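Biologist: I'm new to this one and would like to learn how to read it. Could you walk me through a few features?

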Amino acid sequence: MAIELAYNQGWQLPGKMPAPYNEFAERWGNIDFTKYVKLLSQQADEVLETAEGDVQKQAEESFLMVAKFEHNFWQMAFHIAQHESKIVIYNSKLC
């Protein structure tokens, strides 16, 4: 749920997005998705509140693994975008 909340809040905070990003903002930043994420969080909290210690530990490990994958994905995307922008600048200087 924390990842969904991060996307939800991330797509809301910039405000109105230009095309083609408006599609993502409308999907992940809308109020219904916010309600859905809050419901998921509430359900997870309720289950984990009474869960055995090993289940709580597994949940924490799963969260950390997903967060690591998200971080790595966005780092990869950022570095590729930087690389591509350098190629565009380089190619424009050749023309």
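Modeller: Happy to; keep in mind that this is a predicted model. Let's start with contacts: skipping neighbours within four places in sequence, N8 touches W28, G29, N30, F33 and T34.

Biologist: Where does N8 lie, and is N8 buried or exposed?

Modeller: N8 lies in helix α1. For burial, look at the relative accessible area: under 20% counts as buried. N8 has 0%, so N8 is buried.

Biologist: Now the rings. How many aromatic pairs are there?

Modeller: Ring centres have to lie within 6.5 Å to pair. By that rule there are five aromatic pairs. One of them is Y7 with W74, at 6.3 Å centre to centre and 55 degrees between the planes, which makes it tilted.

Biologist: Which parts does the pair of Y7 and W74 tie together?

Modeller: Y7 sits in helix α1 (residues 2-12) and W74 in helix α4 (residues 53-94), so the pair joins parts that are 67 residues apart in sequence. Ring pairs also link Y7, F73 and W74 into a cluster.

Biologist: What are the relative accessible areas of Y7 and W74?

Modeller: Y7 has 27%, so Y7 is partly exposed. W74 has 45%, and W74 is partly exposed too.

Terms used
Residues are numbered from 1 along each chain as its sequence is written. This is a predicted model: local features need pLDDT of at least 70, side-chain atom pairs count only at pLDDT 80 or more; totals for chains, interfaces and linings use all residues. Side-chain values use heavy atoms; hydrogens and water are left out. Rings of Phe, Tyr and Trp (its six-membered ring) pair if their centres lie within 6.5 Å; planes under 30 degrees apart count as stacked, over 60 as edge-to-face and the rest as tilted. Helices (H or I, at least four residues) and strands (E, at least two) are DSSP runs, numbered from the N terminus. Buried means under 20% relative accessible area, exposed over 50%, partly exposed in between (1.4 Å probe, protein chains only). Contact means heavy atoms within 4.5 Å.
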